[in-house]
Amino acid sequence: MAVQPVSGGKRTGHTGLLLDLVTGAETDLDSVQRLVESAAAALSGPAGMACAATLHRAGTPPVTAGSTAPAECLASSEERYGDGPMMQADVGPVQVAADGSSQRWDAYRRRLVASGYGAALAVPLDVGTRISCTLVFLGPEGFDFTPELVSEATWFAGVASQSMQLALEVRSIRSAGDNLKTVLESRTSIDVACGVVMAQTRCSYTEAFSKLAGVSRQRNLKVRTVAENILKALTGGTPAARFEPPALA
């Protein structure tokens, strides 16, 4: 069978079903790894069914994982050679069989067979703008994806889309919180150091900050580093930043 787009259906009766791609998943790779393991177990195909996925975020290297090492290597090879069904499945499922007559992707087909697989089915996930994620299901030698399995894979991709989008959003929120904490900690050190300079030189806050900024430029250091160096000389050291909300009266 030549490489060709195939139409898929959608299961019913599982509205709102989500995969847990968040709990214990600290990185995008962790979530993608959970995704492919769930995908390989979810499809009611033959023994030896494997799955891989690649996640693309704008401005960052692609993240690839596989339910088996050969599946991951095969998916990674698409990034290196710029061919294969995952590269083409941006609008719908794409299927490749090992015995296809088309010469379009002969190189990919040879890698498919060398990896121990007989068929590949790539399905895209809808995870928002500037992010893309594609699953590829890999069947053993002599296997072909039936319309029923294509429908099943497409349904799973719909579930996975919502789950991966949630995982990415949660991770984005966590990252924003970590950045805010860093900013607040930096602000605390600078404010306290300015207070020390104000007490020592009887100047205003603006003048104290200007003094820190001047030292920062002269020594090619960050203002926060200059502030922390001042605070290290204090008996109590640098005070901890506090983020607890004030108690209600």
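Visitor: What pattern does the chain follow, read along the sequence?
Guide: The pattern is β-α-β-β-α-β-α-β-β-α-α-α, where helices (H or I, at least four residues) and strands (E, at least two) are DSSP runs, numbered from the N terminus. This is a predicted model, in which local features need pLDDT of at least 70, side-chain atom pairs count only at pLDDT 80 or more, and totals for chains, interfaces and linings use all residues. Residues are numbered from 1 along each chain as its sequence is written, and side-chain values use heavy atoms, with hydrogens and water left out.
Visitor: How many helices and strands does the chain have?
Guide: The chain has six helices and six strands.
Visitor: At what angle do helix 2 and helix 3 cross?
Guide: The axes of helix 2 (residues 69-81) and helix 3 (residues 106-114) cross at roughly 155 degrees and come within 11 Å. Helix 2 is therefore roughly antiparallel to helix 3 (angles over 145 degrees count as such). Axes are lines fitted to C-alpha atoms, for helices over the stretch in contact, with angles from 0 to 180 degrees between N-to-C directions.
Visitor: Which residues meet there?
Guide: From helix 2, Leu 74, Ser 77, Glu 78 and Tyr 81 meet Tyr 108, Arg 111 and Leu 112 of helix 3 (contact means heavy atoms within 4.5 Å). These residues divide into four nonpolar, one polar and two charged.
Visitor: Now the whole chain: what percentage of the residues is buried?
Guide: Buried residues (under 20% relative accessible area, 1.4 Å probe, protein chains only) make up 39% of the 249 residues.

Technical notes: Parallel < 35°, antiparallel > 145°, perpendicular 65-115°, else oblique. Nonpolar A, V, L, I, M, F, W, Y, C, P; charged D, E, K, R; others polar. Buried < 20%, exposed > 50% of the residue type's maximum accessible area, 1.4 Å probe, protein only.
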